[in-house]
Amino acid sequence: MSRLLFRKTGRAKFISHLDLMRTMQRIFIRAGLKVRHTEGFNPHPYMNFALPLSVGTESECELMDFELTEAADPDAIPALLNRVSPEGIEALKVYDSARKFKEIKWLDIEARLFYDNKTREAERLREFFAAPAIVMEKKTKRSVSDTDIVPLISALQVTDLTDGLALISARLAAQDPGLSPAQLISALEQRAPELAPDHAAFRRIEVYDKDMVLFR
Amino acid sequence: MTPELERILLKVQKPARYTGGEYNEVIKDKQDVDIRMAFCFPDTYEIGMSNLGLQILYGAINEEPGMWCERCFAPWGDMEQEMRAAGIPLYALESGDPIGEFDAIGFSLGYEMAFTSVLNMLDLAGVPVRSADRHQLTPLVFAGGTSCINPEPMADFIDLFVLGEGEELDIQVLKLLREAKREGWSKKDFLRRAMEIPGVYVPGAYTPVYGEDGTLAAVEREAGAPERVTKRIIEDLDTAYFPTKCVIPSTEIVHDRVVLEVMRGCVRGCRFCQAGFAYRPVRRHGTEFLLEKARAALENSGYEEITLSSLSTSDFKGLPQLADGLLSWCEPRKISLSLPSLRADNFSMSLMERVQKVRKSGLTFAPEAGSQRLRDVINKNVTEEALLNSCRIAFEGGWNTLKLYFMLGLPTETDEDVVAIARLAEQVLHTWRQYASNKSRGVKITVSTSMFVPKPHTPFQWESQVDVEEYLRRVRLLRESITSRSIVYNWHEPHVSLIEAALSRGDRRVGGVIEEVWKNGGRLDSWTDYFSMDRWLEAFAECGLSPEFYALRRRGNDELFPWDVIDVGVTKKYLAREREEAYAGRVTPDCRVKCMGCGANRLLERRSCDE
Ligand code: SF4
C-alpha cells in the first residue's frame with residue numbers, strides 16, 4: 001500500500017472531507033496516475049484517509065492510502081500531484097507503509113485564540129488547562145454524558161503571540177476517544193466562558209503512535 | 001483572505017463555495033493588469049459554476065493581456081447575513097478584492113428569476129443599483145445572456161447590454177473601457193462611443209413612451225443611438241475561444257463534468273422555444289476539433305464524465321463519428337459519455353444503448369404536448385409512433401424508468417389535448433408491458449407538466465398565458481385522467497411561471513417592480529426557499545402595475561414590443577407567419593429540409609446557415 005503525506009492549508013482548509021475525496025481523485029487523474037478501484041457494484045477509486053479533518057482546520061500531516069494500477073517511482077509522485085492540485089493542497093511525500101491508521105494515538109495541534117478586546121489571556125488559559133480534572137458535557141445522539149478531558153491531553157502550552165491572540169500548542173488524543181482542538185474551545189465555553197475566544201483557528205501539526213513515536 | 005472573512009466562513013453552510021482557490025482559477029499580477037472585471041452570476045456557486053457561458057467568457061477574457069476576469073456568485077442567505085453583519089462587501093473569488101472597486105461588473109442573465117439577485121449583488125458590493133445613480137465611469141455595470149433579448153425590465157439598472165455571443169463583443173467593450181480610463185472620458189462619453197459597437201445596447205439612450213392603454217406607443221432615442229441593435233454571433237465556431245482549462249470546483253456543483261458544446265442554434269423551430277429562435281443560425285464545430293478539445297478538457301479536469309451540449313444533439317451532423325471517437329478514448333479510461341437532448345429516433349436510441357451500457361438510470365423524452373394536433377401547433381415534430389418506438393427500444397434494452405415532459409396552457413390547448421397526455425403515457429406503459437426485457441423490476445413512468453410561458457422573439461410572443469386557476473384546473477383534469485399506479489404525475493408550481501411570464505415580456509416599468517421586490521427582501525427567486533408570490537404581487541400593486549397585463553394579455557398584431565429594439569436575426573414578420581401556421585395546425589420543415597427565410601442568415605457574412 002502506498003501512503004501520501006500532504007498538507008491542507010490556506011483556502012483549502014474549507015474543503016470538506018467528502019469534497020476532498022473527490023478532489024483527490026481528480027488530482028490523481030490529472031496527474032496521469034491510475035488508482036486501483038474497489039470491486040463491487042459501484043466501483044470507486046480506493047483512497048483511504050486517516051482521521052477525517054474538520055472543515056476550517058488546517059493540517060501539516062494528512063495521510064492517505066492508495067494503490068496504483070501501474071508501478072510509479074514514489075519519489076516522483078509528489079511533484080506530479082502538486083502540478084495539478086488546487087491551491088493549499090500540497091503533497092509532501094509518498095512511501096510504502098504497512099502501519100494501520102488505527103495505531104495513531106496522539107496528535108499535535110495548534111489553536112489560535114482571538115480576543116477582540118485585545119486582552120492577553122495566556123496565563124489564565126494555562127491555569128484553566130492545568131486543573132486536575134476538566135469535566136465537559138458531551139452530547140451524543142442519544143444522551144448527554146460527562147467526560148473528563150484531562151486524560152485526553154498529553155501536553156499543553158499557552159503563549160500570548162500579541163495582544164488578543166493566544167497560541168495553544170497541545171498534544172491531544174487522536175481517536176477512540178479523541179479530543180479535537182475545537183473541543184478545547186467548547187471546554188472554555190462550558191467551564192470558563194470568560195476565557196472563550198471570539199474566534200479560533202486550528203491546525204494539525206503531527207501524528208504519533210501510542211509510544212509517542214512519529215506515525216508514518 | 002481577510003481574518004474577518006475567515007471568521008464568518010466558519011459559521012456558514014458549504015464555505016468552500018466562497019473561497020476560490022480552485023484548480024485552474026486564473027491569478028494575475030495586479031501590476032500587469034489595467035482592466036479588472038468581475039463576472040457575476042446572479043445565482044449560487046453550484047449553479048453558476050455549471051454554466052458553460054461563464055467558463056467560456058472567463059477563459060476568453062483572461063486570455064487578453066492586461067485584463068483580469070474574476071468570478072463572483074450570489075451568496076446564500078446565511079452568508080449574506082454574515083457578510084452584511086461583518087461589513088464585508090461582495091468580493092471576487094480569485095483575489096478576494098471587493099468588486100465595487102473593479103472597472104467592470106458583468107452579469108450573466110440566463111433567466112428572469114435571477115433579476116432580483118442582480119440588485120442584491122450590486123447592493124452587497126456597495127454599488128448603487130440604478131444606473132442613473134452611478135456617475136463615475138467605473139465600475140461599469142453591464143449584462144449579457146439569454147434573458148437580455150428583452151433587456152427592458154433590467155434597463156434602469158444596467159449601463160450597457162451585450163447582445164448575443166460574447167466572446168468577441170465583451171472584449172471589445174472592455175478594450176473601449178480601457179481607452180476611456182486612459183483618456184479620462186466621462187461615463188456618458190464612454191456609453192456614447194460604446195453604442196457604436198455592433199451588439200451593444202445602451203438603454204439610457206432610449207426613452208419609452210406609453211399609450212393610454214398601457215402599451216408601448218413609441219421609443220425616443222438620443223442622437224447616435226441605433227434604431228435596432230443586432231445580436232452578435234461567432235460565425236466560425238472553430239476559430240473562437242474554446243474552454244479546455246475550466247476552473248474545477250473543489251466542492252460538488254450541479255454539473256460536475258466536462259461540457260462539450262458541439263453546435264449553436266437549432267434547425268428545428270419548435271414554436272414555444274426561445275433558444276430555438278434566439279440562437280439562430282445554426283453553426284457547428286468540426287468533429288476533429290471537438291475530439292481534440294474533448295481530450296484536452298478531460299485531461300485538464302480529472303472529470304470522469306463528459307456530456308455533449310447543444311439544443312438538439314441528434315441534429316449534430318458529425319454525431320456518429322464524434323461518439324465513436326469519444327467512446328474509443330473514454331472507455332479504456334472509465335470515462336462515461338452522456339448525451340442529453342437526444343431526439344426520440346432510432347439512431348439516437350441505438351447510440352444511447354452504446355453509451356450507457358453500465359448505468360441504465362433514467363431516460364427522458366419531451367413530447368411537450370399530448371396530442372398530435374397540438375404537437376403540430378407547436379411544431380414539435382415527433383410522432384406518437386416514433387416516441388413509442390423509442391420507448392420500445394429502451395424497454396427492450398432494460399430501461400425501466402422514463403420521464404415525459406409536457407407543457408400545459410399551450411395556445412389552442414383544449415381539454416382533449418390535456419387528456420391526450422394521459423393517453424400517451426398509458427401507451428408508453430402498454431409498450432413496456434409488451435416489450436420489457438425484465439418485467440419483474442416493474443416500471444416507473446413520470447409525467448411532468450409545467451405552465452407554458454410565452455417568450456419574446458418566438459411565434460408565441462403575442463399569446464396570453466393561461467391564468468393560475470385554469471392551469472390548476474387542467475392539472476386536476478390530467479391527474480384524474482391518469483389511472484395507472486405505474487404512472488406518477490408531477491406538476492410545476494404555476495406562480496413562479498406567472499411571474500416569469502410577466503418579467504420576460506415586461507417593459508421598462510417592470511424594473512420598478514423588481515426593485516421593490518428586492519427592497520422587500522427578494523433575492524434568489526428561482527429557489528422555492530426564497531420565492532414569495534405575495535411579495536411580487538405587492539410590488540406590482542405598489543408600482544401601479546399588474547402581472548396579468550404582461551403575462552395574460554394577448555397582444556394586438558401590430559403592437560410595438562419593448563424588445564423590438566433587439567434584432568436577434570429572426571424577423572418579426574417571420575414570427576407572425578409562424579404564428580399563423582400554428583393556428584392553422586401546419587408544421588414548418590426544419591432548416592435542412594427547406595429554408596423558410598427566417599432572417600437569421602443575415603447575421604452570417606461569409607457562409608450560409610448550418611455549413
Ligand atoms: S435563414 Fe433559413 S436556414 Fe437559416 S435559420 Fe432561418 S430558416 Fe433556417
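This is a predicted model: local features need pLDDT of at least 70, side-chain atom pairs count only at pLDDT 80 or more; totals for chains, interfaces and linings use all residues.
**Note on the interface of chain A and chain B**

1. Contact between the chains involves 24 residues of chain A and 28 residues of chain B.

2. On area: chain A and chain B together bury about 2,100 Å². Carbon and sulfur atoms account for 54% of that buried area.

3. On charge pairing: five salt bridges are counted between chain A and chain B. A:Asp116 and B:Arg7 form a salt bridge. In that pair, the closest N and O atoms lie 2.8 Å apart.

4. On polar contacts: 12 residue pairs meet the rule across the interface of chain A and chain B, with both residues at pLDDT 80 or more.

5. Which elements of chain A give two or more residues to the side that touches chain B? They are α1 (17–30) and β10 (199–208) of chain A. The largest share comes from α1(A), with seven residues.

6. By class, the side that touches chain B has 10 charged, eight nonpolar and six polar residues.

7. On confidence: chain A has a mean pLDDT of 94. Of its residues, 100% reach 70 or more. Within chain A, strand β6 (residues 135–139) has the lowest confidence, at a mean of 86. Helix α2 (residues 77–82) of chain A has the highest, at 98.

Terms used. Residues are numbered from 1 along each chain as its sequence is written. Chains are lettered from A and ligands numbered from 1 in the order in which they are written. Side-chain values use heavy atoms; hydrogens and water are left out. Contact means heavy atoms within 4.5 Å. Buried area is the accessible area (1.4 Å probe) that two parts lose on being put together, summed over both. A salt bridge is a side-chain nitrogen of Lys or Arg within 4 Å of a carboxyl oxygen of Asp or Glu. A polar contact is a pair of N or O atoms within 3.5 Å; within protein, one must be able to donate a hydrogen and the other to accept it, and residues adjacent in sequence count only if both atoms are side-chain atoms. Helices (H or I, at least four residues) and strands (E, at least two) are DSSP runs, numbered from the N terminus. Ala, Val, Leu, Ile, Met, Phe, Trp, Tyr, Cys and Pro count as nonpolar, Asp, Glu, Lys and Arg as charged, and the others, Gly among them, as polar. pLDDT is the predictor's confidence in each residue, from 0 to 100.
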